[in-house]
Amino acid sequence: MTDTNDSRGRQLPRAFAADIPTDLAAGRAVELAEIYALDAITDAEREAIDAYVSGAPEAERASFNERVRQARETLAMSFTAEEEPPADLFARIVAQLPAAAPAAEAAKTAAGAHAEGDAPAEPAADELAAARQRREVRRRSAGLRNWLVGVAAAAVIALGGVGIGAYVANQNDPLRQVVEAQDARQATVDVSGGGTATVSISPSHDALVVRMKDVPPPPAGKVYQMWLIPKDGSTPVSQGLMDAEALSKPALVKGIGSAAALGITVEPAGGSATPTLPTVAAAPLNA
C-alpha cells in the first residue's frame, strides 16, 4: 500500500485494513497512534492495541507512546489556545480528507440496491433482514474505517500536526505566544558536533521554545532527548525526543518555573529514563 499526499504535499496515512488486528499483524501499530490518541476506536480495538503494544519491542513501544503523547499534547495546546474551536475548523478538516467518505459509501450502496430492484432499507423484521443488514455493515466496514482514519489524521493536521514542535501559523499558536511574549528573552548555545540551539524563554507563559540550527542528525539508532534540570538537584525530567526530521521544527517545553536549565543529550532510539552524560547542549534558564 502506498501513502497519499494532500494538496500541500503533506503525507496522509495509508489505507488501513478492515480491522485493527490485521493492521497490527502488518506492523502498523505506530501508524495507529493518532486514532488511538483521539479515541477514534472501539473499546475492543483499544484492548487489542494495548495488548500488542505491551508485548512489542522496546523501540516500537516507545515510538508508539511518544506519538500518542505528541498527538494529545498538540490537541490540548490547540484547544487551550482558543476559547472555542475556529469557525472554519470543519471546513479545514473536510478539505484534507481522503476521497472516500461515509456519504459516498452510503450513496454507492443505495445506488446498487436500486439497480437490483431492492426496496428502500426497512428496520429488520426477521432474521433474514437482520442478516442482510449485517452483511452490508461488514461489506462497508473497510471503507468506513479508512474514512475514520482520514478524519483523525486530518483533524490532527488541522489542529497543528503531529510531531515535536508542531507549528500552527496563526496568532493563537502557543509557540508564537512564547516567542513574541513581552518578557521573552533568548539564549543561543553551541551543540557538540556542530550547530546551535536557540532557546526563547517566557516566564509569564512558564514555557520555552527551542530551535535547532545546522545541527547534524543523531547517529543511526540514536535520538536527541531534551531534559529540564530542576533547581533542587532532583532527577532531570524528559521533555521529548528529536529525530532527524524533528530537528527542523521548533519544540515547545512547558512547566519551566522549577528548572535551572534545559539540557539535550544523545540517547538510544525510543529515549531513556535518565540522561546519558555528557549533554551535547545546555542552556541556563535563570535570568
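Leaving aside its neighbours within four places in sequence, T274 touches W227, T235 and E267, where contact means heavy atoms within 4.5 Å. T274 sits in the loop between β9 and β10; helices (H or I, at least four residues) and strands (E, at least two) are DSSP runs, numbered from the N terminus. With 45% relative accessibility, T274 counts as partly exposed, on a scale where buried means under 20% relative accessible area, exposed over 50%, and partly exposed in between (1.4 Å probe, protein chains only). T274 and P236 are 38 residues apart in sequence, yet their C-alpha atoms are 6.9 Å apart in space. The loop between β9 and β10 also holds P278, and the peptide bond joining L277 and P278 is cis, with omega about 0 degrees.

A word on the ground rules. The model is predicted, so local features need pLDDT of at least 70 and side-chain atom pairs count only at pLDDT 80 or more, while totals for chains, interfaces and linings use all residues. Residues are numbered from 1 along each chain as its sequence is written, and side-chain values use heavy atoms, with hydrogens and water left out.

Now for the overall picture. The protein has eight helices and 10 strands, and buried residues make up 39% of its 287 residues. Among contacts between residues at least 6 apart in sequence, 61% join residues at least 24 apart.

Strand β6 (residues 222–230) is mostly covered, as seven of its nine residues are buried. On one pairing, β6 meets strand β9 (residues 259–268) in the antiparallel sense over nine bridges, and K222 has P268 in β9 as its bridge partner. β6 also pairs with strand β7 (residues 237–242), again antiparallel, over four bridges; here the bridge partner of Q225 is L241 in β7. The hairpin of β6 and β7 has six residues between the strands, and in it G233 takes a positive phi near 80 degrees. Further along the sheet, four bridges join β9 to β10, which run antiparallel, and L262 stands opposite A283 in β10.

Another open sheet is built from four strands in the order β3-β4-β5-β8, also with antiparallel pairing. Its edges are β3 (185–190) and β8 (251–254), each pairing on one side only. From one strand to the next, the twist averages 25 degrees. Strand β5 (residues 207–213) is joined to β8 by four bridges and the two run antiparallel, with A207 opposite K254 in β8.

Two aspartates in the loops around here deserve a look. Most residues other than glycine have a negative phi, and most peptide bonds are trans. D206, in the loop between β4 and β5, has a positive phi near 50 degrees and is partly exposed at 31% relative accessibility. D214, in the loop between β5 and β6, has a positive phi of about 60 degrees; D214 is exposed, with a relative accessible area of 64%.

Finally, a helix. The 12 residues of helix α3 (residues 43–54) should span 16 Å at 1.5 Å a residue, and the end C-alpha atoms are 16 Å apart, which agrees; the expected span is 1.5 Å times one less than the number of residues. The buried residues of α3 are E45, R46, I49 and V53. They cover an arc of only 100 degrees around the axis, which puts them on the same side of α3; the arc is that of the directions from the helix axis to the C-beta atoms. D43, A44, E47, A51 and S54, on the other side of α3, are exposed.

Methods:
Pairing = 2+ DSSP bridges. Axes fitted to C-alpha atoms, helices over the stretch in contact; angles between N-to-C directions.
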